[in-house]
Amino acid sequence: MSGARRPGRVQRIAYDDTPLNSTRPDIDARIGWLLAMSRLHHPDPSYGDGRKFLTALADAGFVTSRSLVSRWESGEIPVSYEGMSAYERALGLEPGRISSLTGYIRSAIPGVKTKVIRPQLDPTSREFALRLDELLDLAEDGQALAVDWQDLGWHLAAAPLVHLRASTWETIARRCIATQPRAIKVPYRQYNTAAMNIASLVRAQDFLVDAIAEYLANPDVQVIMNPFGLLDRLPTRKSAQLVLDMVENPPTETARALAIWLATQKVARGDFSEDERNRLDMTVLRMWRANPVKAGDDLAELIASLPEGLRSTLTTAATKAGRRKLGYVVEHGEVMVASKARAMAAELAEAARARVPQDPSYDEDRMLQRLIRECLFHRDSERRHLASLLISASPFGDALTDELLGLLTNPVVPPWVRARAATATRYLSNEVHRMRMLAFIDDPDPAVAVPITQGIGHLTFTDFSDQALRSSLGSEWSLRERAKTYALGMSGSPCLPVLLKSSTTPEWQRSAARWWLAGGPAIRA
């Protein structure tokens, strides 16, 4: 809740009141909340005055009415791409901070039927054809920036029957898949939006699946999440095969978690054939019989999407064995008892709100609390991911990171909560958090150390961070040490050529250096 209210009309803040376990969250409410918070908590308090903000929008080239802005910010109607871009210009935000996120979220949630957010394009116009030719040339030549890729995805989606040579599709697919893993922040959303739009074209799907298979076959590959994750948008038999193979034989536990998420998405989308569903069901049963406790923790979101008969069998068996948590998580969509999750999220929300600019008068804001609750406690990894992205684009990202870093030092916080807080920190952190994050790269719990170290890799290069990572890098491979080479690679560390050429470098470090030097550091534009 904000501070004391002023007399007169008080702005109502959008809230998603769908159940936590709903597969169709209210996206318009979430985007409306983001628009309102970006305006009301802007460093310039004058934007809190609706009339003055309309003037700022007009100065940014977008003339509209108070009524329309109110309906956007309340979540009553979806905002246009042009409207979001005008918010960014009027508020002086990084281009794409809001607009890239909304299109990404709308494309990412299975089953949500909602307006696709992209610029108004006329595929029959000469301007469209010329721009598409320009974008294709940029992509094929390797000169396209993140915003160009996003634009290319929109143009191709607007002309789904466009004819391109097979060699052009191959080049676009390979470049898109090779670039995704290194993109961060706004470019990450822009590249992924492009990939999802391109994946909507039937003609492109086989080329994308082939590019992903080729990418994963590289023995030096260091990052698999982004390219592999695109398989949930590709309803081909080869795509299903790759996902099921990874569920059964993952190279790491992180890869298994990603494969389980992908399988869950494909179940939700109905992308598996009957034989593939039977294979998945048998795999789940084998994992359950091998280790029921671990399977219950790893497979909760997948079990929730299984047919009622098999789902009930597994949850009932867990309950009889004294593990009631699985049934609760599957039914309610949350890994912590609701009252505790609600209280902890509320405390974090109020602490974060106290750190941001302005104390505007508005009605109760329950959305921030809801997003923090999903970010930390939701059963489904995709919902945690999307909640984290929304918070990162809001004025509360840095402030919540400060609170989460404090939580990580609290000795009474359960290990699994620390792990979730560390993962959220990876999404939300910025340069101002660097020194506090470095303290956790050798945390006793790898589930904390790994995401924090990866988050350091998303920051710009500094000699101090580089030295801290290099001096702590161990010779034995582990997820913790691999996260350090990830941070060195993403930051473009000058130590990479040394690791590659040294005869004393462990082979796993040489492999990592070779891959990062071939691909390059993080993509920030």
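A salt bridge here is a side-chain nitrogen of Lys or Arg within 4 Å of a carboxyl oxygen of Asp or Glu. By this rule the count comes to 35 in this predicted model. The tour visits some of them, then the core, then a serine.

**Stop 1: a bridge between two helices**

Select Arg-279 and Asp-245. They form a salt bridge, with the closest N and O atoms 2.7 Å apart. Now colour the helices. Arg-279 sits in H14 (residues 274-290) and Asp-245 in H12 (residues 237-248), so this pair ties together parts that are 34 residues apart in sequence. Arg-279 is partly exposed at 23% relative accessible area. Asp-245 is partly exposed too, at 32%.

**Stop 2: a bridge within one helix**

Move to helix H26 (residues 463-472) and pick Asp-466 and Arg-470. Their side chains meet in a salt bridge, 3.0 Å from N to O. The two are 4 residues apart, which is about one helical turn. Arg-470 is partly exposed, at 38%.

**Stop 3: Glu-431 and Arg-434**

Select this pair next. The closest N and O atoms of the Glu-431 to Arg-434 salt bridge are 2.4 Å apart. Glu-431 is partly exposed, at 32%.

**Stop 4: a network**

Select Asp-16, Arg-30, Arg-370, Glu-374 and Arg-383 together. Salt bridges link these five into a network.

**Stop 5: the largest nonpolar core**

In soluble globular proteins, nonpolar side chains tend to be buried together. Here the largest nonpolar core holds 158 residues. Which members touch the most others? Show Trp-33, Tyr-87, Trp-149, Leu-208, Leu-230, Leu-231 and Ile-372. Then highlight helix H1 (residues 27-40), which gives this core its largest share, 9 residues.

Centre on Trp-33. Leaving out residues up to four places away in sequence, its contacts include Ile-13, Ala-14, Met-367, Leu-368, Leu-371, Leu-390 and Phe-396. Glu-73, Asp-365 and Ser-394 are also among the residues that Trp-33 touches.

**Stop 6: Ser-511**

Finish in helix H29 (residues 507-519), where Ser-511 is found. Is Ser-511 buried or exposed? At 10% relative accessibility, Ser-511 counts as buried, because the limit is under 20%. Show its surroundings, setting aside neighbours within four places in sequence. Ser-511 is then in contact with Pro-219, Asp-220 and Gln-222.

Notes: Residues numbered from 1 in each chain as written. Predicted model: local features only at pLDDT ≥ 70, side-chain atom pairs only at ≥ 80, totals over all residues. Heavy atoms only, no water. Buried < 20%, exposed > 50% of the residue type's maximum accessible area, 1.4 Å probe, protein only. Contact = heavy atoms within 4.5 Å. Core = buried A, V, L, I, M, F, W, Y, C linked by side-chain atoms within 4.5 Å.
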